[in-house]
Amino acid sequence: MARQKWGSRWAFVLAAVGSAAGLGNAWRFPYMAYSNGGGAFYVPYFIALFLVGIPLLMAEFAIGQGLQSSAPKSMAIIRKNAEFIGWFAVIGGAIITFYYNVIMAYIFNYLYYSFGVAWKDDPNGFFFGKFLQVSSGPGELGSIRWPIVIGLALTWLWIYFILRKGTTSVGKTVAWTVPLPVVLLLILGIRGITLDGAAKGLNFLFEPNFAKLADPRVWANAFGQIFFTLSLAFGIMIAYGSYNKKEEDIANNAIITALGNSATSYLAGIAVFSVLGYMATQLSVPVDKVVSGGIGLAFVVYPQAISLFPGGVVVQSIIGLLFFLMLLTLGIDSAFSLVEAVEAAASDKFKVNKKAFLIGFSIFGFLAGLLFSTQGGLYWLDIIDHFVSVYGLLIAGILESIIIGWLFGAEKLRKYINEVSEIKIGKWFNFSIKFLIPAVLIIILGLNFFDELK
Ligand code: PHE
């Protein structure tokens, strides 16, 4: 059977941007920028983007497109015994789906409870106590939280329907799930910057603290953020590239994907930090007292800010709906891209029936997600996330760049990219893939490991 193909160039580009722009853009990026030197963070950020992010994105597109294969099969074509590297990446991604979809489940719940701003009196208690009853400790294994389970089931069903008809149904989905969150971010951003105190919040995001650049961790964070945000090293971009025609442009598509993703991050940063500035003003506390990263930002701090919004409960409900709809549509394309990478790998290897595999994997993923839908779920989620998105990603990235750079050959790949692309890539590409990327990733791995021992 011929390999499925994207319906158009834009279906592919939107799917790639959709995978890249996810929950990480909305809560990881703003927090990273804030805690790593504000405006100064953009120096290492853009260096990382252009020196390693875009080259590796091009390499992943090119490998998938040139070899017309998913990650494990591509690796096996390059060298028989390298297949495991592809599997390592894809399985890491599969584990991410198990908990990424639990976060999607939280979002479904908040969307529902935006009506009437159910968390209004006590946002912290709403998340941790009364309603989701997520605890910060390990909790008890049997303590399933049913509202989360319902959201989880909805998420997996949605993913199944999006992937069911492959590139055709994905193409139809990304035509709205990628632009919609951007429009919503624009609306939220405009409302945000017109609130009292917005500038105070934005200062935290943009005022540069150049002294921070002397800290190697700031650099490690920037490089880590670029890898995570571009969905690199989980076999996703290889799978997506493999549904292109061999003659499809690579360089341009990678640049559009990367810049579209960064633009989404900036919009999110503005939308979130302007509101944090307003909130600090309302509560008469310094901005840094209200900032938090990760889950707390999306499910405690921002909801609390919503309940301070001027205009009463109707306006607040609408802002809540817009915000959580934004998160839901932002996250869904990242969530299903991870599943598609697994599906592509499995069907290349075992010639399985696509639909049967998807049904089986969705049920399995749903059941695995139940572990994170218990009272202590968030505690376990944090631990697993740390291992997969730090160690899994770094190790997969190191191995992948070595295989592509040295065994396949960076120069051979560069020639292929230049044959099909409008923009021509210089020899610096080879240097990046062969030396820079593995070196940088090894240093970050070392820094992380060192921090672990402290
Ligand atoms: N790029 C996504 C984000 O920023 C996260 C992600 C990472 C998705 C790895 C898939 C794989 O949220």
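Predicted model: local features only at pLDDT ≥ 70, side-chain atom pairs only at ≥ 80, totals over all residues.
S231 sits in the loop that links α11 to α12 (236-241). S231 has a positive phi of about 55 degrees, although it is not a glycine.

K351 is found in the loop between α16 (312-350) and α17 (354-370). Its phi is near 50 degrees, again a positive value in a residue other than glycine. Is K351 buried or exposed? K351 is exposed, with 8 other C-beta atoms within 10 Å; the cut-off for that label is 12 or fewer.

**Around the ligand**

Of the 16 residues around the ligand, the ones that come nearest are G22, G24, T229, S231 and S334. Elements giving two or more residues to this shell are α1 (9-20), α2 (23-35), α5 (83-113), α11 and α16. Sorted by class, the shell has seven nonpolar and nine polar residues, with no charged ones.

T229, one of those nearest residues, is also a contact of N261. N261 is placed in helix α13 (residues 251-283). Setting aside neighbours within four places in sequence, N261 touches V17, A20, A21, N25, T229 and L230. N261 is buried, with 26 other C-beta atoms within 10 Å. For a sense of distance, N261 and G426 are 165 residues apart in sequence and 23 Å apart in space, C-alpha to C-alpha.

**How the helices cross**

| Helix pair | Axes come within | Crossing angle |
|---|---|---|
| α3 (residues 42-67) and α11 (residues 216-229) | 9 Å | roughly 50 degrees |
| α3 and α13 | 9 Å | roughly 130 degrees |
| α7 (residues 146-163) and α16 | 10 Å | roughly 65 degrees |

Let's take α3 with α11 to begin. The two helices are oblique to each other, and α3 passes α11 in a right-handed crossing. On the α3 side the contact uses P44, Y45, A48, L49, V52 and G53, which meet V218, W219, A222, F223, Q225 and I226 of α11. By class, this contact has ten nonpolar residues, two polar ones and no charged ones.

From α3, the residues L49, G53, I54, L57, M58 and F61 meet A251, N253, A254, I255, T257, A258 and S262 in α13. This contact has nine nonpolar, four polar and no charged residues.

Finally, α7 passes α16 in a right-handed crossing. Which residues make this contact? From α7 they are T155, W158, I159, I162 and L163, and from α16 they are I332, A335, F336, V339, E340 and E343. By class, the contact of α7 with α16 has eight nonpolar, one polar and two charged residues.

Conventions: Residues numbered from 1 in each chain as written. Axes fitted to C-alpha atoms, helices over the stretch in contact; angles between N-to-C directions. Helix = DSSP H or I, 4+ residues; strand = E, 2+ residues; numbered from the N terminus. Parallel < 35°, antiparallel > 145°, perpendicular 65-115°, else oblique. Left-handed = near helix turned anticlockwise from the far one by under 90°. Contact = placed C-beta atoms within 7 Å. Nonpolar A, V, L, I, M, F, W, Y, C, P; charged D, E, K, R; others polar. Buried ≥ 20, exposed ≤ 12 C-beta atoms within 10 Å, placed from the backbone. Near = placed C-beta within 6 Å.
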